[in-house]
Amino acid sequence: MIQDKLYDFVIVGSGIGGLSSAVVLAKNGFSVLVLEKNNQIGGALQVFSRDKCIFDTGVHYIGGLDPGENLYRMFKYLGIYDSLKLKSLDRDCFDLIRMPNGVSYPHGQGYDSFTSQLIQQFPEEENAILAFCEKLKEICDFFPLYNLEIGEEQTYYTNPEILSLGAWDYVSSLTENTVLRSVLLGSGPLYAGDQHSTPLYVVALIMNSYIKGSYRLVDGGSQIAKLLVQELRKYGGDILKRKEVVGATYGEDKKISTVVCSDTTQYRAKNFISNMHPSITIDVFGKDKFRPAYRDRVQKLENTVSSLMVYFSLKEKSFPYINYNIYDHYSNDCWNSINDRSENWPHTLYVCTPTSSKNDEFADSVCVMCYMTLDEVKEWEETFNTTISPSKRDEAYIQFKKEKEEQIVKRMETRFPGFRACIKNVYSSTPLTYRDYVGTPEGSLYGIKKDFNNPVGTTINSKTRIPNLYLTGQNIIFHGILGATIGAFVTCFNFVNHLDVIKEINEYEK
Ligand SMILES: Cc1cc2nc3c(=O)[nH]c(=O)nc-3n(C[C@H](O)[C@H](O)[C@H](O)COP(=O)(O)OP(=O)(O)OC[C@H]3O[C@@H](n4cnc5c(N)ncnc54)[C@H](O)[C@@H]3O)c2cc1C
């Protein structure tokens, strides 16, 4: 069943990248339709609710949101900033890095706070701490759009060598102090930090944004998706849920004519943008339509690891609300443990108390994240379970989750004695959950793994060889809400004048 309307753009997927692209294009006069396979829009911005608590599945805090900063201005341009319910994390500690030596180290907001607090704890390492921060800033300067500049001189494409710096190696060159290395890079789960592959530029773009304004989303991240949809509709755009795109039809000019959904409906457009993972995009749009070299390269790229998320609802007024994130390391070797499944698992816990509008003295829930690979749930790989295609996984899977949850509770007890007594209920999700709900291969946290040993090979262009198919989202520049939003602008700059857009974004100074 082919729909009559010919859109300028059909966008497949309603993650932050798909929705931001939709708003930019609609705001610039194009007709846009977004197709989302799930019942809930937003991709990794989806939330779920249990015991009257709202749990985020994929966004716990966002950087770059202080007035005048990059994401602040982009969200202003997208028309959503003023309606967002945000809570600033503690200015003197947005992330707390707890090391196995029992000592905790704060990361403060603003470079002055960040450096001065660490220098207090590592007075003999002042030079290393200052040099690290200078390097973060220096690298960010090579990314013009990140700084909302036109930038034609000093950029990462004129100076590609900056993409080949390894983060762990760089920090190791600054200091012999192994605790300081792990403290500087202690928020590694934000980008799945790995000693052998994570580029310094990824760390710089992400850490710099959090240092420049870290915020939680009150009552969950889905508000971003809802506000973007409101904006899209304001400009005449459409969005349809429960529309899984499973194929495409092509015209004689080798251009895509329609996308085909699993319910057999087809949607026509002049151009198509995929917010799906690039390798899934190739499967859906037809392997034979892509050049073999491109197809093989993309489909062989490694993805970042996945995670186990454990969600606790808590008894009333039993546990304090903590206005910072905790990265709790049980090993000094914090960037060398992603695939470790020994009895030391997990090496690192990310712990946060989500912000609720109901109460800011006590937490009504706690989320804990740690690395897990799809291999660990391989036994259930053939199963698929989402709200719109429900299927119960077997008792063994439920038992597997219970054992993992118990391991996490035991770990939490060592750091927060009495935690077990605060728990009302425990829920968890595995790599299978992320794979099924968001559609990332292996349930990967952040999509394609960037590798400083092969920076060009792990970078994805927003253009494809199919003349009217483009890519957007976290795989274009870098991941995260900031990264995927920048990726959306990059995709849209194929169609709208980037000078005009950047000029307009820059009008939102304060
Ligand atoms: C556990 C976890 C924690 C995270 N924490 C943070 C954080 O604290 N801060 C932060 O900034 N970032 C965080 N991130 C990263 C961030 O959430 C992602 O980088 C970002 O949301 C990805 O956006 P995206 O636009 O690339 O697409 P995605 O969110 O991956 O969305 C893709 C969309 O495409 C849809 N889709 C897929 N296939 C089809 C199809 N065939 N037909 C139709 N629709 C389809 C999916 O359903 C989905 O809605 C986290 C991610 C995870 C997983």
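Reader: At roughly what angle do the axes of helix α3 and helix α4 cross?
Author: This is a predicted model, in which local features need pLDDT of at least 70 and side-chain atom pairs count only at pLDDT 80 or more, while totals for chains, interfaces and linings use all residues. Residues are numbered from 1 along each chain as its sequence is written. Helices (H or I, at least four residues) and strands (E, at least two) are DSSP runs numbered from the N terminus, and axes are lines fitted to C-alpha atoms, for helices over the stretch in contact, with angles from 0 to 180 degrees between N-to-C directions. The axes of α3 (residues 111–121) and α4 (residues 126–140) come within 9 Å, and they cross at roughly 155 degrees.

Reader: Is α3 roughly parallel or roughly antiparallel to α4?
Author: Angles under 35 degrees count as roughly parallel, over 145 as roughly antiparallel, 65 to 115 as roughly perpendicular and the rest as oblique. The crossing angle therefore makes α3, relative to α4, roughly antiparallel.

Reader: Which residues of α4 does α3 meet?
Author: Two residues are in contact if their C-beta atoms, placed from the backbone, lie within 7 Å. From α3, the residues taking part are Tyr111, Phe114, Thr115, Leu118 and Ile119, and on the side of α4 they meet Glu126, Ile129, Leu130 and Cys133.

Reader: In what order do the strands of the open sheet stand?
Author: Two strands pair if DSSP finds at least two bridges between them. Strand β6 (residues 95–98) pairs with β7 (residues 104–107) in the antiparallel sense over 4 bridges, whereas β6 and β14 (residues 325–329) pair in the parallel sense, also over 4 bridges. With such mixed pairing, the 7 strands follow the order β7-β6-β14-β15-β16-β13-β17.

Reader: Why is one side of β7 and of β17 left without a neighbour in the sheet?
Author: In the open sheet, β7 and β17 are at the two ends of the strand order. They stand at the edges, so each has a single partner strand.

Reader: Which residue is the bridge partner of leucine 96 in β14?
Author: Leucine 96 is bridged in β7 to proline 106. In β14, its bridge partner is isoleucine 326.

Reader: How many residues surround the ligand?
Author: A residue is near a molecule if its C-beta atom, placed from the backbone, lies within 6 Å of it. Among the elements that each supply at least two residues of this shell are α1 (16–27) and β13 (306–314). The closest residues are Gly13, Gly15, Gly17, Gly43 and Gly473, and the number surrounding the ligand is 39.
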